[in-house]
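The sequence and model come first, and the description follows.

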Amino acid sequence: MTEKDFRCGTVALLGVPNVGKSTLMNHLIGAKVAIVTPKPQTTRHRILGIYTDDSRQIIFVDTPGIHKGSKQLNKNMVRVAYAAAEEADVLAIMQDASKPLDRPTKMLIERFADGRLKQPRIHVLNKVDRADKARLLPRLQQLQQLDPGAMAYVPVSARKGIQTDSLLNELTRHLPVQPPLHDPDWFTDQSQRQLAAEYVREQVFLSMHQEIPFQTAVDIERFEEHGDVIEIDAVILVGSERHKPMLIGKGGEGMKSVGTKARKGLEEILGCRVRLNLWAKVDADWFNHPGKLMDLGLGAEQ
Ligand SMILES: Nc1nc2c(ncn2[C@@H]2O[C@H](COP(=O)(O)OP(=O)(O)OP(=O)(O)O)[C@@H](O)[C@H]2O)c(=O)[nH]1
Ligand SMILES: [Mg+2]
């Protein structure tokens, strides 16, 4: 390997919600820079995760799941995903191979297969650890018919790390030959402050049910380093008066549990002690308010 052969470029991770885009990115770069939950619409903004070794630097762009939604937040999320696709060198279009190919996934594949975007497309069939092996071959054939112009169709398990090295190699083949764009030690564009907001939101998503998490956001009001301790004040915005006691829980137990779990995760990724103070605040329409969405890092350009 000479410097002349080094490959570097961006790979957009695209797909409907919940197919495992963030799980795959975290696995490939070896750090939890994007939160993961079993609920759809977990990722709300564009997140970079950078993989570097001796021969390549792959800049992954994790995107919000592409879906239909009437709130301004949902529209922004989808816009961010399509913008990431336009800017990337390679499109990794993911689907959940453990479920039958549903209509939204099919529509998404057809949309990218129309050739409007010229970048190479690689289809990633995720969750093969849970998929019926007998269905995999017919699924690959179906996919080949839907998008005959794709470069490859790669079955993987992001959770178990199955075939993920082959995927890395396949992606690398389609990247431009150029020197690394980023310092090899740099692995994400997420600031510590953004990670703090996201780790809290992950715990809110995991602890709340029905529509409540989708009307929740986290705003970091204070982020200060004092020696080896980071002190964080975070406000959890909820969409209605009714949601607030549900989040706080009996005797504050719900909120306490969110705080403890988020703090532990943060201590691990930030590598220091964290003091996390949480508040809940009602803001009935934050998800439709362009200015508030911008402030929360959830604008259409973010
Ligand atoms: N069994 C199995 N589960 C997986 C795999 N990859 C992801 N998951 C699970 O699928 C769920 C969704 O994963 P995410 O990584 O949040 O999915 P996403 O595509 O980023 O979702 P959005 O951000 O909502 O668009 C989580 O519960 C993951 O643990 C896999 O390879 N196998
Ligand atoms: Mg995600």
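## The nonpolar core

The largest nonpolar core has 77 residues, and the members that touch the most others are Val11, Ala12, Leu13, Leu14, Phe60, Ala92 and Val200. Such a core is a set of buried Ala, Val, Leu, Ile, Met, Phe, Trp, Tyr and Cys residues joined through C-beta atoms within 7 Å. Helix α6 supplies the largest share of this core, 7 residues. Because domain 1 (3–173) and domain 2 (192–295) both contribute residues, the core lies between them.

A residue counts as buried if 20 or more other C-beta atoms lie within 10 Å of its own, as exposed if 12 or fewer do, and as partly exposed in between, with C-beta atoms placed from the backbone. Leaving out residues up to four places away in sequence, Leu14 touches Thr63, Ile66, Ala81, Ala85, Leu91, Ala92, Ile93 and Met94. Contact here means that the C-beta atoms of two residues, placed from the backbone, lie within 7 Å.

## Basis of the description

This is a predicted model, in which local features need pLDDT of at least 70 and side-chain atom pairs count only at pLDDT 80 or more, while totals for chains, interfaces and linings use all residues. Residues are numbered from 1 along each chain as its sequence is written, and chains are lettered from A and ligands numbered from 1 in the order in which they are written.

## Overall form and domains

The protein chain contains 9 helices and 9 strands; these are DSSP runs, numbered from the N terminus, with helices (H or I) of at least four residues and strands (E) of at least two. Its C-alpha trace spans about 55 × 45 × 35 Å along the principal axes. Of the 302 residues, 41% count as buried.

Domain 1 covers 3–173 and domain 2 covers 192–295, with bounds from an automatic or database domain assignment. Their centres, taken over C-alpha atoms, are 28 Å apart. Contacts between the domains involve 11 residues of domain 1 and 13 residues of domain 2. The domain 1 side divides into 3 nonpolar, 5 polar and 3 charged residues. In this count Ala, Val, Leu, Ile, Met, Phe, Trp, Tyr, Cys and Pro are nonpolar, Asp, Glu, Lys and Arg are charged, and the others, Gly among them, are polar.

Which residues come nearest to ligand 1? Of the 24 around it, they are Gly20, Ser22, Thr43, Gly65 and Arg159; a residue is near the ligand if its C-beta atom, placed from the backbone, lies within 6 Å of it. This shell holds 7 nonpolar, 12 polar and 5 charged residues. Helix α1 (residues 21–29) gives the most to the shell, with 3 residues.

Helix α1 is largely enclosed by the rest of the structure, because 8 of its 9 residues are buried. Among the elements covering the buried residues of α1 are β1 (7–14), β3 (56–62) and α5 (164–173). Gly30 follows α1 and has a positive phi, near 75°.

## Positive phi in two loops

Most residues other than glycine have a negative phi. Gln41 has a positive phi near 60° and sits in the loop between α1 and β2. Gln210 has a positive phi near 50° and is found in the loop between α6 (192–207) and β7 (217–226). Gln41 is partly exposed, with 18 other C-beta atoms within 10 Å, whereas Gln210 is exposed, with 9.
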